[in-house]
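Hi,

Here is the model I promised to pass on.

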Amino acid sequence: MTANPILLQKKYVRIIEQFSEKESMSLDDALSFFYHSEIYRLISEGVSDLHCMSDEYLTEELISEYKEK
């Protein structure tokens, strides 16, 4: 299933803002990490309908990925 591109972009913004806040990093750094992350790849490819998951859940997954690297 594919998501509406505009809604997906808005979801990305919310995730990046939450990630930036929770990890106390600049929005630029959060943006860069997000667009190079596995989570972004999976969401953008529509894998397992991840775009349907809550922003909070996806932010926590992104944080987990960040801490592993």
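Where does Ser24 lie? Ser24 sits in the loop between α1 (5-22) and α2 (27-35); helices here are DSSP runs of H or I with at least four residues, strands are runs of E with at least two, and both are numbered from the N terminus.

Before the rest, the ground rules. This is a predicted model, in which local features need pLDDT of at least 70 and side-chain atom pairs count only at pLDDT 80 or more, while totals for chains, interfaces and linings use all residues. Residues are numbered from 1 along each chain as its sequence is written, and side-chain values use heavy atoms, with hydrogens and water left out.

**Overall picture**

The chain has four helices and zero strands, in the order α-α-α-α along the sequence. Its C-alpha atoms fill a box of roughly 35 × 25 × 20 Å along the principal axes. The radius of gyration is 11 Å, which agrees with the value near 11 Å for a compact globule of 69 residues; that radius is taken over C-alpha atoms, and the globule rule is 2.2 Å times the number of residues to the power 0.38. Of the 69 residues, 33% count as buried (buried is under 20% relative accessible area, exposed over 50%, partly exposed in between, with a 1.4 Å probe and protein chains only). Taking contacts (heavy atoms within 4.5 Å) between residues at least 6 apart in sequence, 67% join residues at least 24 apart.

**Helix α1**

α1 has 18 residues and reaches 26 Å from its first C-alpha to its last, close to the 26 Å expected at 1.5 Å a residue (the expected span is 1.5 Å times one less than the number of residues). Its buried residues are Leu8, Lys11, Tyr12, Ile15, Ile16, Phe19 and Ser20. Down the helix axis they fall within an arc of 165 degrees, so they line one face of α1; the arc is that of the directions from the axis to the C-beta atoms. These buried residues pack against α2, α3 and α4, whereas the face turned away from them carries exposed Ile6, Leu7 and Glu21. At the N-terminal end, Asn4 caps α1, with a side-chain oxygen 2.8 Å from the backbone nitrogen of Ile6.

**Aromatics**

A search of the whole structure finds nine aromatic pairs (Phe, Tyr and Trp rings, the six-membered one for Trp, with centres within 6.5 Å; planes under 30 degrees apart are stacked, over 60 edge-to-face, the rest tilted). One of them is Tyr12 with Phe34, a tilted pair at 5.3 Å centre to centre and 55 degrees between the planes. Tyr12 lies in helix α1 and Phe34 in helix α2, so this pair ties together parts that are 22 residues apart in sequence. Phe34 also meets Tyr40: the centres are 5.4 Å apart and the planes at 65 degrees, so that pair is edge-to-face. Phe34 is buried at 0% relative accessible area, while Tyr40 counts as partly exposed at 23%. Tyr12, Phe34, Tyr35 and Tyr40 form one aromatic cluster.

Most residues other than glycine have a negative phi. Back to Ser24, then: its phi is positive, near 50 degrees, and the residue is exposed, with a relative accessible area of 69%. Ser48 also has a positive phi, about 55 degrees. Ser48 is found in the loop between α3 (38-44) and α4 (55-68) and is exposed at 65%.

Cheers

Terms used:
Polar contact = N/O pair within 3.5 Å; in protein donor to acceptor, adjacent residues only side chain to side chain.
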